[in-house]
Amino acid sequence: MSQILKTLDPFKKINTEFPFASPIKDWKKSGGKVIGFFGGDVPEEILSAAGVLPIWLRGPCSEVPLDAANAYLHMYSCSHMRSIFEIALKGDYSYLDGVMSTPYCDGTRRLYDVWERYMPAPAMLFLHTPHKNTSEAEAFHYQNIEEFVESLERVFQKKITDEALREAIRTYNKTRKLFNRLFDLRKKNNPPVLGSEVIEIYNASAMMPRKDFNILLENLINEAKAADRMPNNCPRLMINGTALHNPEYVKGIEDLGSIVVADSLLNGAMSFTDLISEDENTDPLLAITRYYLNKFPAPRMVPSEARFNRILEMAEQFHVDGMITGVVRYCAPHIYDEIRLSKRFEARGIPSLRLDLEYGMAATGQIKTRVQAFVEMIEERKRKG
Ligand code: SF4
């Protein structure tokens, strides 16, 4: 790449301020409330409609000792959740007015229980979320969401109106529409944005008000569209796995002569591809319910075929030459998912590589050696046509 994207700087700046970034500080200074959540499928639109700033909690962008968290969460709780609790135990998430989760996986369930038991935030909120998208599941989830709205209204003493919900849906949809424009640029032969840069953008999206984020993302897309960055004919990779936050992990992969053009990450394409219905005649809570049950499915949703098909479809759209799945140790949803997904990729002639990781790891040492061999194998295949 011959040129850097200047509009990436504000995202990077916010990320260096983790975990209490300046947009969150400004929000708190103006009297706003902040709820930190973990796991996926949290309807941020509802929190936003309640006037609350939702923050997607994460651990540091590097592998760190987890001594404090290990005293509360067993070693076979994933290091992703233990990293979050390590930060919380140090007091660096003490600015939160509430903590929220869903039954996304065993890791999120255990962290929620421990947080509530040993260090409860002023508000502890939990939203039960079904694993299927049947009509019975929709009715059940609609009821859960209604009850969740009532509990938020009680906690924050604020009525959540349909108008506020529609406004929040529009704002969050705008983020998704912008990301789809960015993803379209990544489909090109010479993508003007690196995969590691996209991780920086994902990270910042989790730590600031969405309206402000949308402005930054629009600026970046405008610059990327006009950027004269080097054409890139190197192997095009897709990365798969749970939420991924370390840009150095992706940079390490790209520094070996590849470019990451697509992902099916929980904090990436899975959250930013599909839109919530903005139909004025549809109850906004029903639109939110349907979205979270029918969007790009996470491995927690069954049956898995819909998820596999979405990922394979993406691989085709983004002209992917190879797929790398990073599996965080003890992450049951992705351990089961990866074997079945890689078989489907191999059947289409797309090689795949599984990397067993700890949360926050960079692509160094043995990981680097394995990725290098993988990239060289793809190059060789491309040469042979
Ligand atoms: S890494 Fe896996 S087990 Fe841990 S929170 Fe993410 S999905 Fe759940």
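Predicted model: local features only at pLDDT ≥ 70, side-chain atom pairs only at ≥ 80, totals over all residues.
Q: Where does Pro-303 lie?
A: Pro-303 sits in the loop between helix H13 (284–294) and helix H14 (305–317), where helices and strands are DSSP runs numbered from the N terminus (helices are H or I of at least four residues, strands are E of at least two).

Q: Why is Ile-201 called buried?
A: Buried means under 20% relative accessible area, exposed means over 50%, and partly exposed is in between (1.4 Å probe, protein chains only). Ile-201 has a relative accessible area of 0%, so it counts as buried. Ile-201 is part of helix H9 (residues 195–205).

Q: Which residues does Ile-201 contact, leaving aside its neighbours within four places in sequence?
A: With those neighbours set aside, Ile-201 is in contact (heavy atoms within 4.5 Å) with Leu-8, Phe-11, Phe-179, Leu-182, Phe-213, Leu-217 and Leu-220. Leu-8 is 193 residues from Ile-201 in sequence, yet their C-alpha atoms are 7.7 Å apart in space.

Q: How do you know that helix H11 is mostly covered?
A: Six of the eight residues of H11 (residues 247–254) are buried, namely Pro-247, Tyr-249, Val-250, Gly-252, Ile-253 and Glu-254. These buried residues pack against H9, strands S5 (236–241), S6 (259–263), S7 (322–328) and S8 (352–357), and helix H16 (365–384).

Q: Which residues surround the ligand, and how do they divide by class?
A: The ligand is surrounded (a heavy atom within 4 Å) by Cys-78, His-80, Met-81, Tyr-104, Cys-105, Thr-242 and Cys-331. This shell has five nonpolar, two polar and no charged residues, with Ala, Val, Leu, Ile, Met, Phe, Trp, Tyr, Cys and Pro counting as nonpolar, Asp, Glu, Lys and Arg as charged, and the others, Gly among them, as polar.

Q: Why is Cys-331 called buried?
A: Cys-331 has a relative accessible area of 11%, and therefore counts as buried; Cys-234, at 17%, is likewise buried.

Q: How many disulfides does the structure hold?
A: The structure holds zero disulfides, a disulfide being a pair of cysteine sulfur atoms within 2.5 Å.

Q: Why is Gln-157 called exposed?
A: Gln-157 counts as exposed because its relative accessibility is 69%. Gln-157 is found in the loop between helix H7 (135–156) and helix H8 (162–186), and although it is not a glycine, its phi is positive, at about 50°.

Q: Why is His-319 called partly exposed?
A: His-319 has 46% relative accessibility, so it counts as partly exposed. His-319 lies in the loop between H14 and S7, and its phi is near 50°, a positive value in a residue other than glycine.

Q: Is Asp-283 buried, exposed or partly exposed?
A: Asp-283 is partly exposed, because its relative accessible area is 28%; Asp-283 lies in the loop between helix H12 (269–272) and H13.

Definitions and conventions:
Residues numbered from 1 in each chain as written. Heavy atoms only, no water.
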